[in-house]
Amino acid sequence: MKKSLSFALLLSLGAFSQLSLAEQTLRFGVDPTFPPFESKASDGSLQGFDIELGNAICAQAKVTCQWVQIGFDSSIPALQAKKFDAILSAMSMTEKRREQVDFSAMIYNTPSVLLTPKNSALTDDIRTLRGKSVGVAQGTIQETYAKAKWAAQGVNIVSYPNQMEIYPDLVAGRLDASLANAVSAAQGFLNTPEGKNYAIQATLVDKELLGNGVGIGLRKGDAASLKLINDALAQLHANGTYDRLAKKYFAFKVYP
């Protein structure tokens with residue numbers, strides 16, 4: 001009798017465990033203003049590499065995906081307030097951010113670039129930038145870099161809510177340049193009719209301020225979510241899903 005009860009209890013616990021896993025939800029915070037990583041389609045649905053990667057992570061881990069839209073500069077405080085479980089929004093892994101969040105394994109690595117009109121003489125040499133206006137998106141590594149390296153040397157750093165709001169002012173001549181993510185600049189602007197007269201003039205490297213790749217940000221100490229995401233990412237690399245998504249969205253290699 002006792003053996004029968006024990007066996008029934010084990011079956012019950014196993015069924016409960018499977019039910020709990022099936023009902024688990026992974027909530028990603030995202031700012032959908034950064035194509036081709038994340039943006040909104042004409043019908044209001046989310047699209048982009050990060051969105052498809054996040055959905056693939058959830059599918060691989062057999063959990064439900066939920067997307068929470070938020071401004072990028074508010075994403076870390078919202079994560080810490082438990083409004084979602086992880087930030088999947090092209091967040092570069094810098095030492096300053098590591099003090100506030102844990103990061104998953106790297107999901108891609110893209111450089112920061114100076115975007116200007118094609119006939120511009122501007123470069124990342126500070127002598128060419130003094131007295132000029134450079135647009136950056138709030139809360140980004142590009143804003144941090146520009147304010148730390150250029151602002152005190154006579155460059156007017158203008159912060160915008162997101163990168164997409166910078167381009168109209170650049171086209172209108174209210175800005176001389178923008179410091180931006182290379183892929184976002186190339187595929188979100190240069191490949192559009194409005195961007196035909198613009199070009200990337202310089203590529204910047206600074207691991208301390210610009211980071212060393214992009215990861216998924218998680219609350220400090222959330223070992224369960226970190227393991228779930230990293231295990232799923234490893235499986236997506238192994239089964240070819242990651243490579244398929246990367247080829248769909250990027251014109252050059254973004255993962256070592």
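## Second largest pocket

The lining of the second largest pocket divides into 6 nonpolar, 10 polar and 2 charged residues, where Ala, Val, Leu, Ile, Met, Phe, Trp, Tyr, Cys and Pro count as nonpolar, Asp, Glu, Lys and Arg as charged, and the others, Gly among them, as polar. This is a predicted model, in which local features need pLDDT of at least 70, side-chain atom pairs count only at pLDDT 80 or more, and totals for chains, interfaces and linings use all residues. Residues are numbered from 1 along each chain as its sequence is written, and side-chain values use heavy atoms, with hydrogens and water left out.

The second largest pocket holds about 230 Å³ of space, and of the 18 residues that line it, Asn109, Thr110, Pro111, Leu204 and Gly211 are the closest to its centre. A pocket here is an open set of points on a 1 Å grid over the protein atoms alone, with protein on both sides within 12 Å along at least five of seven lines, and lining residues have an atom within 4 Å of a point.

## Largest pocket

About 320 Å³ of space lies in the largest pocket, and among its 17 lining residues the closest to the centre are Lys96, Arg97, Gln100, Gly139 and Thr144. Its volume is the space filled by probe spheres set on the grid points, which are joined across faces, edges and corners. The lining has 6 nonpolar, 5 polar and 6 charged residues.

The largest cavity holds about 250 Å³, and of its 22 lining residues Phe34, Phe72, Ala90, Thr140 and Gln142 are the closest to its centre.

How values were computed:
On a 1 Å grid over the protein atoms alone, a cavity is a set of points where a 1.4 Å probe fits but cannot get out, and a pocket is an open set with protein on both sides within 12 Å along at least five of seven lines; lining residues have an atom within 4 Å of a point.
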